[in-house]
Amino acid sequence: MIQLPYLDYIALERKSFLHRLSPRFKIISMAFVLLGIVTLRNLPGFLLLYGILLALFFISRIPIRIFSLTFYPLIFAIIFIFISGFQIHFILLIFLKVLCGSTGVVLLLATTPYPSIFSALGKVLPSSFVTALFLTYRSIFILLDILEKTHYALYLRGGFQWRHPRRSLINISNAFGHLIIKGIDASEKMYESMVFRGFKNKIYYRGD
Amino acid sequence: MSHIHLPDGVLPIWLWGLGYIGAILIGTILFRLIKKEELTRRLPLLGMMAAAMVLGAAIEIVPIAYHVNLTVISGVLLGPSLIFLATFIVNVILALFGHGGITVIGLNTLILSIEGVLGYFLFRLFWKILKRLTPATFLATFIALLFSTFAMIGVVGLGASHYEELIHKEGNGIFEFHFLKGKEEHQSGEATEEKVNLRRFITIVLPLGFIGWLLEGVITTLIVRYIHRMRPDLLHLEKEAP
């Protein structure tokens, strides 16, 4: 999540052929990748799909730093492998499903600016839902900024140390409490400025 | 911990399809119940709380792969209707930004909103009965997480026959690739030796979940106490004050 601003920057600044494709086309392609993940049942099929996604990833000249994001969901897949009784084939199948999904999504986000994705989604989803999605996205940046400032205060108060669990829990909880209060204050200011600029219940994007 | 961290394509289509239908139906009903002006006015707050939940989920407690959900505190601050929409949005963003599982968004919304809605009502109930903030928040969070974890286990259990199919009948999907068929048949033979082991899954999830419920309970309690100290108006406790 901390890499979100960088991902946004990559989506806006890079100029590969994938960046130039229409957002609608890329969202539909992502739906096909998902269809593949749901319907494919064998390793060669997944290896082929993953190979295609990897090729697209590197052709699009997305920095390797972003690539590490695609491995993050594997943490959660580990617990699921216990269901299978540690069968290699099943584990590989699950891992490839995870990697295909995450690589597809990262590819979409690193080549498509967020307003374009929301604009495309706004054509099929209720406007309040898309507005809430956009405001959440905007709020993540506001909270990241607050978190960065809080981080220093937290560090000065001892931060998080396994040797002092009680103090660490209090520090973390106070940081979250501070984040929530500051966030609510910021949301009130944001609402006032949105109303001032004519917001009713829908955010309009370029081309609407 | 209390929502499904499953990749796409693991759960059967009927299950995640029903999850989406259920989430959309409940969402539509709640949308109709909330006044439009009220929804518009509270959208920035909803966005901010959803963002806080997303950030909470992004901070991993490494040894036990646990992250705080902040669903109960969000439920207390947003109310039962808006927390549903907030969890829907959180799941969409988490699916896009790292947790994966776009197809399980509907199911995760239902499971997480159990946590938020139940947390809200239990918090009010325990506050009325106990008249003390710390035990009311801790118990509300602990019980809400317990219920949502069992809901998650129930959902994973419903897909058991599909996992067996994935393990034993690989290659029967809509698209088949045969160039490694010989190798796959060999693996398929080995696979039949062991069955899907849900008991093992539960044995791992419940103790980890228990640590998670305790951690989340303590963190939520401390957050609520902090908010009560700084901005008591946000908790709307005046009407029910002892």
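**Chain A as a whole**

The chain has 10 helices and zero strands, so the pattern read along its sequence is α-α-α-α-α-α-α-α-α-α. Along its principal axes, the C-alpha trace spans about 55 × 50 × 30 Å. Of the 208 residues in chain A, 38% are buried. Next, consider contacts between residues at least 6 apart in sequence: in chain A, 77% of these join residues at least 24 apart.

**Confidence in chain A**

Color chain A by pLDDT. The average is 83, and 91% of the residues score at least 70. Which element of chain A has the lowest mean pLDDT, and which the highest? Select residues 74–84 of chain A: this is helix α6, with the lowest mean, 70. Then select residues 43–59 of chain A, helix α4, where the mean is the highest, 92. Where pLDDT is low, the predicted coordinates should not be read in detail.

**Where chain A meets chain B**

The crossing of α9(A) and α4(B) is right-handed. To see the contact, show side chains for A132(A), L133(A) and T136(A) on α9(A), and for L85(B), I89(B), V92(B) and I93(B) on α4(B). Six residues of this contact are nonpolar, one is polar and none is charged.

**Helix α2 of chain B**

Stay in chain B and select residues 36–58, helix α2, where V54(B) has its place. Is V54(B) buried or exposed? V54(B) is buried, because 25 other C-beta atoms lie within 10 Å, and the cut-off for a buried residue is 20 or more. V54(B) and N69(B) are 15 residues apart along the chain, and their C-alpha atoms are separated by 8.0 Å.

**Helix α5 of chain B**

Finish with residues 105–130 of chain B, helix α5. From its first C-alpha to its last, this helix of 26 residues reaches 36 Å, close to the 38 Å expected at 1.5 Å a residue. Because 19 of its 26 residues are buried, α5(B) is largely enclosed by the rest of the structure.

How values were computed. Residues numbered from 1 in each chain as written. Chains lettered and ligands numbered in written order. Predicted model: local features only at pLDDT ≥ 70, side-chain atom pairs only at ≥ 80, totals over all residues. Helix = DSSP H or I, 4+ residues; strand = E, 2+ residues; numbered from the N terminus. Expected span 1.5 Å × (residues − 1). Buried ≥ 20, exposed ≤ 12 C-beta atoms within 10 Å, placed from the backbone. pLDDT = per-residue confidence, 0-100. Left-handed = near helix turned anticlockwise from the far one by under 90°. Contact = placed C-beta atoms within 7 Å. Nonpolar A, V, L, I, M, F, W, Y, C, P; charged D, E, K, R; others polar.
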